[in-house]
Amino acid sequence: MPPARYPRAKARRRLRLALAGVALAVIVAVVLIVTLGGSSLSGAPPAANAPETGAGGLFHYDAAKSAQYTARATAGNGQVLFSKSPGGAIATAKRVAAFAPMIEHAVAGTNIPANVLEGLVFLESAGLPDAVVADDPANAAGLTQILPSTASLLHMHVDVSASRRLLAEIARAPNAARLRSLQRQLQAADQRFDPADALAGTVRLLQQFESMFGGRLDLAVTAYHMGPGNMQQILADYDGGNAVPYVQLYFDTAPDHSSSAYTLLSSLGDDSSLYWWRVLGAEQIMHLYRTDRSALTRLQTLETSDAAGGSVLHPPGRAPRYASPSALQAAYKARQLIRLPRNASALGLAYDASIGSQAGHVGAPRSLYEGLNAVAIKLLIRMAAAVRTLSGGQTPLHVASAVADGKYLSAQGVYDPMAQTGFGFQIARRYRSGAQAGAFQAVLDRLESLNLIAWAPVGSVIEVTAASDAAVWRG
């Protein structure tokens, strides 16, 4: 008998924020990376010192490094947990922690870890038992965001009409006593709004998915979001349906390798491919909430201090932030900054004419703003090569801005702390073909999931921050 088919998980607007890496030791272990030879560049780098230029080095999976991949992906995709949690990650952790006894009870006697279920609750509802997608209980609802059709398969009672009416009355409740009464009625009319019932139903569903996918919890949790039908198809496309670890499924598919599995995984449009990493990230937040609240507070500040989340990769005081043109001049002399390569076209790069165009307003030469940290330059070269290889085209990546000092940015009314480190730059969003756009997105996603960059769309450009080891990762 074929396995039961469950409704596809709810679609959500894809959050294309920079999901910066949580590089602090309290979150993940520091990953030792093999470095490339030759760390300095002067104009056009010598060919012998240039990083690998093919896409294969970036899109290459090594099973021996699966733990490193998991740690990096968890770190690299965590910012949304801080930037999108109602009231912030700490407030969400407090709400979720209140359900710990219920969560422990729900998983008792099963092989579902309580911390995984807790991470799922954090991600699905932010600990809000009355959470509803698009304000309509016909969509996913409750502490674990269950669809009515899925609830039916789990033999949970759901009366959508009654839920709509009661939710409207709850919104107008005149006092606390009336509110509690209406909430009890809502839980009776729709078990998705009863936290204990929602948790119990979710555990049953995860157990069914575990059985369906060879006992793999990572696949079961991911299927909870994307739907088991999608997971079955991705596994079939990848390796004939074998239940491989999710870290392998994620990192061993690429536009030029296991392309059909990659295409489906990356096309779901609701962050399904990142769901497992986000649940693991939520687990880590809950652990810090209980064991090191001050570290969590600091992390929340870093994760939300700039749009791309680059402050996590380069916290204040960790990398120099250049305040003035004279500081930039000194950095070039000390080789902290390197001029952009002169052979841009050969490397698949192009430089926007606006780079440094406002230098005259601060009495500085334009050339001061035509450089980056050597690591960021290596990253640029690698990105351009990978995009060119994957897209099969010759359209260059357009660098829209490079290093800047505080005085230069202030004269333009711009706040961009990462630009002041030399690790931050902008790439114009110009694509001559869908292939190039897809290749660029694939490269961004892979670098982000290796915790090597933070990035965010900002108007007509992509804001990128390179990690200190961003240009030296070798699969």
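Predicted model: local features only at pLDDT ≥ 70, side-chain atom pairs only at ≥ 80, totals over all residues.

Me: Is leucine 380 buried or exposed?
Reply: Go by relative accessibility, where anything under 20% is buried. Leucine 380 comes out at 2%, so it counts as buried.

Me: And which residues is leucine 380 in contact with, leaving aside its neighbours within four places in sequence?
Reply: Those are Leu349, Leu372, Val399, Phe425 and Ile427. There's also leucine 340, 40 residues away along the chain, with its C-alpha atom 9.8 Å from that of leucine 380.

Me: Let's zoom out. How many helices and strands does the chain have?
Reply: You'll find 21 helices and 7 strands. Of the 475 residues, 55% are buried. As for contacts between residues at least 6 apart in sequence, 73% of them join residues at least 24 apart.

Me: How do I read the nonpolar core?
Reply: Look for buried nonpolar residues joined through their side chains. Here the largest core has 117 residues, and Trp277 and Met383 have the most contacts inside it. Helix 19 (residues 374-391) supplies the largest share of this core, with 12 residues. There's a second, separate core of 15 residues, with Tyr322, Ala364, Leu409 and Ala419 among them.

Me: What does tryptophan 277 touch beyond its neighbours within four places in sequence?
Reply: Its contacts are Thr70, Ala73, Thr74, Asn77, Tyr246, Val247, Tyr250 and Phe251.

Me: How does strand 7 pair with strand 5 and strand 6?
Reply: Strand 5 (residues 424-428) runs antiparallel to strand 7, joined to it by 5 bridges. In that pair, alanine 428 stands opposite valine 461 and isoleucine 427 opposite isoleucine 462. Strand 6 (residues 453-458) is also antiparallel to strand 7, over 6 bridges, and there isoleucine 462 has proline 457 as its bridge partner. The hairpin of strand 6 and strand 7 has 2 residues between the strands, and glycine 459 takes a positive phi near 65° in it.

Me: Which side chains of strand 7 lie on each side?
Reply: Side chains in a regular strand alternate between the two faces of the sheet. In strand 7, Val461, Glu463 and Thr465 are on one side, with Ile462, Val464 and Ala466 on the other, and all are buried.

Me: Last one: how do I read a helix crossing?
Reply: Check the axis separation, the angle and the handedness. Helix 4 (residues 100-107) and helix 9 (residues 195-212) have axes that come within 9 Å and cross at roughly 40°, and the crossing is right-handed. Helix 4 contributes Met102, Ile103, Ala106 and Val107 to the contact, while helix 9 contributes Pro195, Ala196, Leu199, Ala200 and Val203. By class, that gives 9 nonpolar, no polar and no charged residues.

Notes. Residues numbered from 1 in each chain as written. Heavy atoms only, no water. Buried < 20%, exposed > 50% of the residue type's maximum accessible area, 1.4 Å probe, protein only. Helix = DSSP H or I, 4+ residues; strand = E, 2+ residues; numbered from the N terminus. Pairing = 2+ DSSP bridges. Axes fitted to C-alpha atoms, helices over the stretch in contact; angles between N-to-C directions. Left-handed = near helix turned anticlockwise from the far one by under 90°. Contact = heavy atoms within 4.5 Å. Nonpolar A, V, L, I, M, F, W, Y, C, P; charged D, E, K, R; others polar. Core = buried A, V, L, I, M, F, W, Y, C linked by side-chain atoms within 4.5 Å.
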